[in-house]
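Let's take a walk through this structure together. Have a look at it first, and then we'll go through it chain by chain.

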Amino acid sequence: MHIDQLEKKWATISLGIAGLFVAIILISALFHGIHAPSNVETIDSARLHLSEEFAEDNLGPQRNPDGSITVRMVAGRYGFYPKTMTLPAETNLTFRWVSLDVIHGVHIPMTNMSTMIVPGYVAQIKTVLHHTGDYPLLCNEYCGMGHAHMWSNVKVVTKSDWDDMNKPAGVSHE
Amino acid sequence: MNNAVEKKLALTHLWVAFGAFALAAVMGLYQVVERSGFFGFLESREVYYASVSTHGVLMGFVLTTFFIMGFGYYVASSSLKMPVWNKTFAWTGFGVALAGVVMAALPLLGGAASVLYTFYPPMKAHPLFYIGATLLVVGSWFWCVSMIAMHVQWKKANPGQPVPLAMFATTANAILWLWTSAGVALEVLFQLIPWALGWVDTIDDGLARTLFAWTLHPIVYFWLIPSYTAFYCLVPKQAGGFLFSDEMARAAFILLVVFSLPIGFHHLYMDPEQGHGWKLLHGVGTFIVTLPTFITGFTVIASLEIAGRLNGGKGLFGWIAALPWTNPMVLAMILGLLMLILGGFGGLINASYAMNAMVHNTAWVPGHFHLIFGGTTVIMYFGIAYYFWPVLSGKPLYCKSLALTQLWTWFVGMMIMTTPWHILGLLGQPRRIDSVNYNNLLTLSWEPYEATMIFGGAILLYSSGLLIYNLYKTQIGSETFQGEVEYAEPIHAPTDLPEYLNSFKVWNIVIAVFMLIAFGYPILQFFLMETFGSGRWGV
């Protein structure tokens with residue numbers, strides 16, 4: 001068997017290139033908190049309205065005791081519910097997405113808020129939105145004839161503006 | 001050896017492949033025009049999604065499968081200098097596959113299977129669509145059996161001899177396809193068909209997506225291997241040189257087969273039904289499968305350099321100018337490699353766990369696979385066609401300059417179409433929308449790119465027409481052509497080849513272990529936890 005010296009050198013260099021990429025990805029995944037939706041949590045998509053968590057009153061952003069926010073959302077043909085909401089910038093957000101019918105996908109352009117929404121599963125994703133403004137939530141997985149009509153709106157405001165808008169009711173009478 | 005039957009067998013397969021391609025190319029232009037929204041009278045989402053579904057099936061499943069089968073039969077027969085094993089069996093496979101295509105075409109064209117070529121349960125297509133697709137795959141299994149049988153026959157007759165490289169690659173592809181298609185076959189047979197026929201009420205989407213991901217990555221290598229076979233075994237000879245390394249080529253094909261299989265979860269990075277660790281494991285494997293492509297790039301470019309220098313090219317880059325740019329197959333490979341470099345760069349971004357979140361399911365993704373599949377893989381199918389048609393039909397190529405124009409326009413059209421497509425993805429446009437309806441200013445930034453893509457699509461359709469015209473005129477020509485497919489010689493003929501570079505026995509065991517590790521628990525988990533299936537939904 002004959003393998004040329006040049007070929008051996010190139011194979012070593014290629015291995016080095018692939019190794020470097022793998023190292024960067026592992027470091028970013030394990031140490032920089034890349035939160036792909038990997039929670040493997042099942043839910044009955046046909047009974048969402050009867051579930052405690054995704055009943056209508058619970059949808060949208062809710063503040064947690066530690067100051068972070070959990071956003072519960074239902075995707076269904078053709079929209080993401082609630083259709084409009086306001087979120088604070090520079091705040092730890094945990095999105096929990098479920099589908100009430102078929103497969104959907106959702107992303108907020110120019111951010112890393114992106115996940116598939118598979119019926120029967122809860123897709124959980126953590127992120128921080130850095131820039132204020134009006135963003136669309138767009139369906140990015142073919143879900144039927146109305147796929148291109150499936151979107152909702154999210155407004156991102158500064159943290160202090162959001163706090164002003166969401167003072168706990170019946171407390172601030174001073 | 002009288003190989004008239006082999007020629008007819010190969011040519012028949014290739015005509016089905018390019019017939020499907022021609023129809024799908026027309027749909028491609030319609031789609032890029034419709035989705036731009038500039039021509040209101042064309043707008044129809046029903047027609048659009050029927051067209052997208054058919055375009056995907058024709059390009060991804062019909063063009064590829066029939067091309068690979070036809071090419072494989074003739075490579076096996078001409079490289080081994082043997083008749084095709086059991087020709088009735090081969091024709092039966094062809095018949096089964098063609099019947100499957102016709103069966104699937106009925107609901108597809110009628111709009112009753114607008115679920116795209118990736119199926120997407122719980123949206124349900126007409127059961128004929130799933131059954132037809134299954135028959136296409138079953139027909140291709142006949143071909144796999146033929147290739148393996150011929151490989152074994154030849155080895156028995158020539159003990160200890162290295163299997164000719166072109167046949168080694170073709171057998172590699174047959175084995176790869178058997179492993180690859182098992183995932184989608186499990187999904188279709190045990191989930192989709194019983195559910196579509198109403199025998200079971202629900203389908204577990206997480207399991208369905210996991211099984212589809214099993215197939216979804218290695219299938220692209222199934223499509224690519226004929227092109228790589230031409231890179232290694234045909235182009236060096238056409239360019240007037242020699243293959244730089246026979247052994248490294250074998251190593252590259254083995255790495256492709258072994259490592260393209262256990263890595264499908266990079267299609268599920270954004271999916272909730274698989275855990276972080278499994279995704280990372282498959283992600284690491286995805287980078288290992290770049291190695292055979294790095295090796296291929298080096299070996300085939302080194303082979304071109306040998307040819308360029310033998311043709312009188314001097315200096316660091318002079319050999320490039322000395323290459324026979326007017327040989328269609330050499331030109332196809334040069335243009336194909338250029339698109340592979342660009343598309344490969346995009347692929348590395350997709351494979352990168354974190355960066356993928358920025359482009360997942362945006363217009364970037366179809367931009368990427370049109371560049372690397374429609375570009376690199378398919379342009380090499382054209383190069384092979386121009387070389388094979390005279391051999392198979394016995395008529396000289398109708399017009400070489402037309403072939404060169406066709407290859408250049410394909411390259412230019414592909415660049416004009418896919419560059420703005422990638423940019424649209426970075427600007428947030430979701431994939432697979434038939435029109436733009438969002439109430440957001442962002443969409444204004446999309447318009448110039450949508451317009452540019454139409455020009456790319458028009459050039460590509462023109463190029464497709466040139467291809468079909470040239471092949472047809474060749475076929476009906478009156479002159480005769482006598483010639484055989486000639487394979488490139490390596491600089492150093494492979495001697496005392498170790499058995500692991502001349503057989504797949506040990507590699508099948510390695511693949512089985514890898515697949516068990518990569519897919520064992522991720523599939524088993526659906527039977528261990530409580531899951532909730534979905535019913536049947538229309539589109």
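In chain A, buried residues make up 35% of the 174 residues; a residue is buried here if 20 or more other C-beta atoms, placed from the backbone, lie within 10 Å of its own. Keep in mind that this is a predicted model, where local features need pLDDT of at least 70, side-chain atom pairs count only at pLDDT 80 or more, and totals for chains, interfaces and linings use all residues. Residues are numbered from 1 along each chain as its sequence is written, while chains are lettered from A and ligands numbered from 1 in the order in which they are written.

What does chain A have in the way of helices and strands? There are 2 helices and 11 strands, counted as DSSP runs (H or I, at least four residues, for helices; E, at least two, for strands) and numbered from the N terminus. Chain A has a radius of gyration of 21 Å, but a compact globule of 174 residues would come out near 16 Å. That radius is taken over C-alpha atoms, and the globule rule is 2.2 Å times the number of residues to the power 0.38.

Now over to chain B. You'll find 18 helices and 0 strands there, and 57% of its 539 residues count as buried.

How values were computed
Buried ≥ 20, exposed ≤ 12 C-beta atoms within 10 Å, placed from the backbone.
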